[in-house]
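Open the model in your viewer and keep the selection tool ready. The stops below say what to select next and what is there.

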Amino acid sequence: MHEMSIAESVLGIVEDVAAREGFARVSSVRLEIGRLSAIEVPALRFCFDAVVRGSIAEGARLDIDETPGTAWCFDCSATVELASRADPCPACGGGTLQVNGGTDMRVKDLVGH
Amino acid sequence: MCTTCGCGTDQVSIDGKPHAHGHDHGHDHDHGHSHAHDHGHDHGHGGCCGGHGHSHDHDHAHGHGHDHGHGAAPTPAHAHAAGTAPSRAVAVERDILAANDREANANRRAFTQRGIFALNLVSSPGSGKTTLLVETIKRLAAELPITVIEGDQQTSNDADRIRATGARAVQVNTGKGCHLDAHMVGHALEHLAPSPDSVVMIENVGNLVCPAAFDLGEAHKVAVLSVTEGEDKPLKYPDMFAAADLMILNKCDLLPYVEFDADRCEANARRVNPSIRVIRLSATKGEGMAQWLDFVRAGAAEARARRAARPAATPCGGHCACAGK
């Protein structure tokens, strides 16, 4: 359940940006969450709703763009898409993979007024 | 924080003293998660936002057409219904873990400047992290000072076990929190004040999920897995084994008595992390400990050498940005 900490970090960034922009309310927040970032998106939504209560972003809509996981396959010598770290290479079935994308967690943008 | 899972920081204590930090967004903490939120804007993606029961097979393909311009900073207001303030979309582009990573880097700098080798031990509860630390301290104390940061939700039992060896330890109680973060470790280091050229062992909260995401400033994450667990744990909890540089297979003295294929376990770990190192040992019986102790010695020697190669240390011991002035 580190999604609670992640949700608090998101709120910290949202409050920071809102203060800088002079927003009284934030009505939506968009995140980019990599599929290999160890985040359960439903849990993050649940925690976000809890954390923003009483804050400038109370009731804000949370949009989450999930970005695909990718890995370098040593057998194919190519970057392949990967749904889970435990999966084999979808192209050759090999198991020697180094994750190289889809681990990021970012606040992309927000709407405030 | 949340009374359900409580991963917030307000219950954190260091050696029993509250670690109060007024982060000042005033959520009132009594959220019963009724989720009848009646906020008046009617975004129409059906049934989103953490419904209970977590069946969640809705795909969130919500087609609300928010048209915020992903470009550089503030984009102009788009028109709104009369009577409401105009809203603006703002590009943010910030890493969610940036605050933790900043503090982790500060810890790492402090370690580097003082020639300290720091390890972050992660595992399920009961894999033998504390026993491993106790046995490590007994064997290395004469040649290498070791101090310990213990993370647990409650009790100082683990720190007490470390102190019984004569080593210094700081206990961080995370309350209901499920992991240590870099901020907690930074404060624990202030209490611990490890000596230059020493080793700091951070024993994380027993949890194979959450600690994977939080850099504490360590040189390596060390995942401890015992042979009384399942050999498929690296596949079940791949994030942790992907984040670790070393896996310790503990309790290997029990291998004859349990159904655990150590070779397959190693292969599973390498599937999620091709470059992971593996050491098989028994902390209680001592088999395999030599290899682990050599790993610690080598890391400590490298940290020392790196400090020696640096220009003169800062008067504060590397805690601030005074750069020696």
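**Stop 1: a residue in chain A**

Select A:Ile33, which is buried, with a relative accessible area of 0%. Buried means under 20% relative accessible area, exposed means over 50%, and partly exposed is in between, with a 1.4 Å probe and protein chains only. This is a predicted model, in which local features need pLDDT of at least 70 and side-chain atom pairs count only at pLDDT 80 or more, while totals for chains, interfaces and linings use all residues. Residues are numbered from 1 along each chain as its sequence is written, chains are lettered from A and ligands numbered from 1 in the order in which they are written, and side-chain values use heavy atoms, with hydrogens and water left out.

A:Ile33 is in strand E1 of chain A. Helices (H or I, at least four residues) and strands (E, at least two) are DSSP runs, numbered from the N terminus. Now show what is in contact with A:Ile33, where contact means heavy atoms within 4.5 Å. Not counting residues up to four places away in sequence, A:Ile33 touches a list of residues that includes A:Val41, A:Leu44, A:Ile64 and, from chain B, B:Ile96. A:Ile64 is 31 residues from A:Ile33 in sequence, and the two are 6.8 Å apart in space, C-alpha to C-alpha.

**Stop 2: a helix in chain A**

Select helix H2 of chain A, residues 41–51. How many of the 11 residues of this helix are buried? The count is 11 of the 11, so H2(A) is largely enclosed by the rest of the structure. The buried residues include A:Arg45 and A:Asp49, as well as A:Phe46 and A:Phe48. To see what they pack against, select helix H1 (3–21), strand E1 (26–34) and strand E2 (61–67) of chain A.

**Stop 3: chain B as a whole**

Select chain B, which has 8 helices and 10 strands. Of its 325 residues, 48% count as buried. The accessible surface of chain B comes to about 14,900 Å², and 51% of that belongs to carbon and sulfur atoms. Accessible areas come from the Shrake-Rupley method with a 1.4 Å probe; for residues, only the protein chains shown count as cover. Among contacts in chain B between residues at least 6 apart in sequence, 68% join residues at least 24 apart.

**Stop 4: two helices that cross**

Two packed helices are described by the angle between their axes and the distance between the axes. Select H1 (residues 98–113) and H4 (residues 182–192) of chain B, whose axes come within 8 Å and cross at roughly 35°. The contact is made by B:Asn100, B:Glu103, B:Ala104, B:Asn107 and B:Phe111 of H1(B), together with B:Ala182, B:His183, B:Val185, B:Gly186 and B:Leu189 of H4(B).

Next pick B:Glu103, which is in helix H1 of chain B. Is B:Glu103 buried or partly exposed? At 32% relative accessibility, B:Glu103 counts as partly exposed. Leaving aside neighbours within four places in sequence, B:Glu103 is in contact with B:Ala182 and B:His183. B:His179 is 76 residues from B:Glu103 along the chain, and their C-alpha atoms are separated by 15 Å.

**Stop 5: aromatic rings**

Select B:Trp292 and B:Phe295, which both lie in helix H8 (residues 289–308) of chain B, 3 residues apart, about one turn of the helix. Both residues, B:Trp292 and B:Phe295, are buried. They form a stacked aromatic pair, with 6.0 Å centre to centre and 15° between the planes. Rings of Phe, Tyr and Trp (its six-membered ring) pair if their centres lie within 6.5 Å; planes under 30 degrees apart count as stacked, over 60 as edge-to-face and the rest as tilted.

**Stop 6**

Select B:Thr155, in the loop between strand E5 (146–152) and helix H3 (157–163) of chain B. Phi of B:Thr155 is near 70°, a positive value in a residue other than glycine. B:Thr155 is partly exposed, with a relative accessible area of 41%. Then go to B:Asp197, in the loop between H4 and strand E7 (199–203) of chain B. Phi of B:Asp197 is also positive, near 60°.

Finish at B:Asp239, in helix H6 (residues 238–243) of chain B. B:Asp239 is partly exposed, with a relative accessible area of 24%. Apart from its neighbours within four places in sequence, B:Asp239 is in contact with A:Leu36, A:Ala38, A:Arg85 and B:Ala212.

Technical notes: Axes fitted to C-alpha atoms, helices over the stretch in contact; angles between N-to-C directions.
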